[in-house]
Every structure is written in C-alpha cells, then in structure tokens.
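Dear colleague,

I am handing over the structure that we talked about, and it is shown just below. Please have it open while you read the notes that come after it.

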Amino acid sequence: MQLEIDLAGRRVVVLGAERASRRVVARYRAAGADVDRRETAQACTDAVLVGAALVVAVGDAVGEAPNADPDCAMDALRDRCRRSGALFVREAAAQGSGTVTLVGGGPGALGLLALDAAAALREADVVLYDRLAPTDALAELAPAADLVDVGKLPGHHRVPQAGINDLLVRYALDGNAVVRLKGGDPFVFGRGSEELAACLAARVPCRVVPGVSSAISVPAAAGIPVTHRGVSHLFTVVSGHAPLSDEEHEHLAGLGGTIVVLMGVSTLPQLVAGLGRAGMRPDMPVAVVERGYSASQRTTAGTLATIVTAAGAARCQSPAVLVIGEVVRVGLDLQGGAAHLARLTESLAS
Ligand code: SAH
C-alpha cells in the first residue's frame, strides 16, 4: 500500500535515538513537515501528541526504560495516537555501520530505474552521482541524502576514480548509507567493480543493484532490436573509448552478429575502417543513437560506407550508442524507416 499524505507544515513526531532515526527525520523534513524528535515512547507525552498529524516510531523506540517491552510500549502508543487523532507508523532504524550500494540508474528514463534502486536511494544518506546517471529527479528520489556530483569538481574536472573510491569508503566508515549512482549498469564500462573492490578492501559492506544498460536499451529506444530471429543471434558490446586492434576488428567482423559500441563516437572512423579491412560488407547498416530516452534523442542511420560522413554531417556527439548489423535494417523496417535508410544511403553515395 502506498499512501500519499501532504505533510507540508504539519507536525510529525519521530520517536527514536538520534542516530537510528536521522534518515527518517531528514525524509520527513524534506517533505516539509515540522519534525519533533523524541528519544523514547515515554518521552512522547499526551501534550507532545496534541496537534501531531503523524507519529513515527523508529525501530522499537523503547529507549532506556527498564524492563520495557517494545510490543507493549508500541501498542500503548498506538492507542494514544488513535485517541489524539494522529496517524501512527513504524519504520526501521538506520543500521549502525555504513554501507555502500552501487546502483545502476539505467539509461536515463525514470521508469527504467529498478524498484531496488529507488529503495536504496530513498534510504540513502549520501548519493555520489555522475553525468549519465538519471539525475533529474534525484532530489525527490533521495530526499534525505546529500547529493555529491563526482562527475565534476568546481573547476569542471572529474573526480579521479581513486578519489571516488576514497569518498565512498570515507562516507561509509562515517556510518552513512552511501549510494553510488551510475548510468546504465554499474558493471558495464562503469568501473563498478573497482569501487566494489575498494569497499571490500576497507571492509565496508557493499552490494550491487544492476541497471538497464544503454547497450541494449538505447538501440531499443530507437526501435532497433540487438537480436532478431534469422538475422542475428548474437550481439557483442564493445568499448570504443580507444581504437581497437586489427585482430579485434577481424574477430568482430568474423562473428557475423550485431556489434554494439559504447563511447564510440570519436573513434567511429577507425572502427569503420578497421571493420572494412576485416572484410565487412560496405552496405552493412549502421546506426548512431544519441542521447537515448531524452527529449533530444536522435538516430542517424547509414551503412559502413556512408556512416562516417553521415555522422559528421549530423554532428553526432557523445553520449551515443553505435549499432552495426542487419538488425538496424530490421528496426528501421519495423518503423517504416527503410525508405529513409535507402534515401540516406543513396544521397550519400551519389
Ligand atoms: N554503464 C553504462 C555505460 C557507461 S559508458 C551502461 O551500462 O549503459 C558511457 C557510454 O554509455 C556513453 O558514452 C554512451 O556510449 C553510452 N550511453 C549511456 N547512456 C546513454 C544514453 N542515454 N544515450 C546514448 N548513449 C548512452
């Protein structure tokens, strides 16, 4: 059950020790509530309940009272809340030690964020995010968290990877629930495994919430399936960060399946030349899908022979996913785009 209550300006009484309830307090403050924290159920007198819209008991919230039975204390409090007209809920206490959760944020569409990712953000004290993470709704997704942009320092430089690893560990050792939010999936060219290794080396508990990778979802956003029965029964995901070797071009061309390239806009000319040398047909369809799932998403299509000119003319830019293979034609056909591809190919060939 999910209830939506407007708590702006309403009094919310939070019962619980400071450390255990800090996340809950931050969340209700972020919702605009006037939060009054009390250490124990005993400290929550009838006078405190007057005018409260909501009472939140964090953990067992019985405090130091001798022989206190949490269930009895909670039952009694629930009764008093009912009499005073306040809603009563219980929430889990924050864990004593810090944790790191590496979260894959997907390709940018809010709806493609996993439920586990949203839950980790909701509970986070600190979120370290970078450029490709879905950041638009971050303040609402992580209402209690400090948001740290590690994609940029004030001087517009990226925080180096070693610095990010140190930050993750330091925040967690301070007792925070830390979320490291990345675009797509954390283990696909995301350096997530290095961050996991740094946490484990520092004995910080770390878990991973996978995300929807742009390698599959961005082609899909453009209507291109990475496999299609009878057309391509495999796809290979390659980083175009640095040019590939001729041996790699030969292996890729020799596989005969779909090739998906991330970070490949600037090395597109070398890739196309290398695949050509490796014997790939010049009329093999190629698509460049820029800024998938954004309002400015754009697909530029061509063939191995024409795509460098087409991408140059269209001024294609990162972030983009390149798709090389007959599936591009399948995708464009499905959308009635075959005519477009043929036109583009003809006009560039002439
Ligand atoms: N871990 C990420 C990839 C990180 S590498 C994932 O699984 O998706 C960064 C590259 O991903 C970009 O250079 C681009 O090639 C691709 N990318 C990520 N999001 C994208 C988007 N919304 N549109 C187009 N390309 C995207």
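The notes below go through pockets and cavities, then salt bridges, the surface and the backbone.

Please keep in mind that this is a predicted model, in which local features need pLDDT of at least 70 and side-chain atom pairs count only at pLDDT 80 or more, while totals for chains, interfaces and linings use all residues. Residues are numbered from 1 along each chain as its sequence is written, and side-chain values use heavy atoms, with hydrogens and water left out.

Pockets and cavities

Rolling a probe the size of a water molecule over the atoms shows where empty space is left. The search was run on a 1 Å grid over the protein atoms alone, where a cavity is a set of points at which a 1.4 Å probe fits but cannot get out, a pocket is an open set with protein on both sides within 12 Å along at least five of seven lines, and lining residues have an atom within 4 Å of a point. Grid points are joined across faces, edges and corners, and a volume is the space filled by probe spheres set on the points.

The second largest pocket has a volume of about 1000 Å³. It is lined by 22 residues, of which Gln-2, Leu-3, Glu-4, Arg-27 and Arg-122 are the closest to its centre. Two or more lining residues come from each of α1 (18-30), β4 (87-91), α4 (115-122) and α5 (138-141), and β4 gives the largest share, with 4 residues. Helices (H or I, at least four residues) and strands (E, at least two) are DSSP runs, numbered from the N terminus. By residue class, the lining of this pocket divides into 15 nonpolar, 1 polar and 6 charged residues, where Ala, Val, Leu, Ile, Met, Phe, Trp, Tyr, Cys and Pro count as nonpolar, Asp, Glu, Lys and Arg as charged, and the others, Gly among them, as polar.

Over the whole structure, the search finds 1 cavity of 30 Å³ or more. The largest cavity holds about 60 Å³ of space, and its lining residues include Val-238, Pro-243, Leu-244, Thr-267 and Gln-270. Both β10 (235-239) and α10 (268-277) supply at least two residues of that lining, which consists of 6 nonpolar, 4 polar and no charged residues.

Salt bridges

Side chains of opposite charge can pair when their charged atoms come close. With a salt bridge taken as a side-chain nitrogen of Lys or Arg within 4 Å of a carboxyl oxygen of Asp or Glu, the structure holds 18 of them.

In the bridge between Arg-82 and Asp-79, the closest N and O atoms are 3.7 Å apart; because these residues are 3 apart in helix α3 (residues 70-84), about one helical turn separates them. Arg-82 is exposed, at 60% relative accessible area, whereas Asp-79 is partly exposed, at 36%; here buried means under 20% relative accessible area, exposed over 50%, and partly exposed in between (1.4 Å probe, protein chains only).

Glu-194 pairs with Arg-191, with closest N and O atoms 2.9 Å apart, and Glu-326 pairs with Arg-329 at 3.2 Å. A network of salt bridges links Asp-130, Arg-180, Lys-182 and Glu-195.

A nonpolar surface patch

Phe-189, Ile-216, Phe-235, Val-237 and Met-263 form a nonpolar patch on the surface, with about 400 Å² of accessible area together. Patches are made of residues with over 30% relative accessible area and no salt bridge, like charges being joined within 9 Å and nonpolar side chains (Val, Leu, Ile, Met, Phe, Trp, Tyr) within 5 Å, and accessible areas come from the Shrake-Rupley method with a 1.4 Å probe, where for residues only the protein chains shown count as cover. Of these residues, Ile-216 sits in helix α8 (residues 214-221) and is partly exposed at 44% relative accessibility.

Backbone

Most residues other than glycine have a negative phi, and most peptide bonds are trans. Arg-203, however, has a positive phi of about 60°; this residue is in the loop between α7 (192-201) and β9 (206-209). Arg-291 also has a positive phi, near 45°, and lies in the loop between β12 (285-290) and β13 (298-303). Ser-318 and Pro-319 are joined by a cis peptide bond, with omega about 0°.

With best wishes
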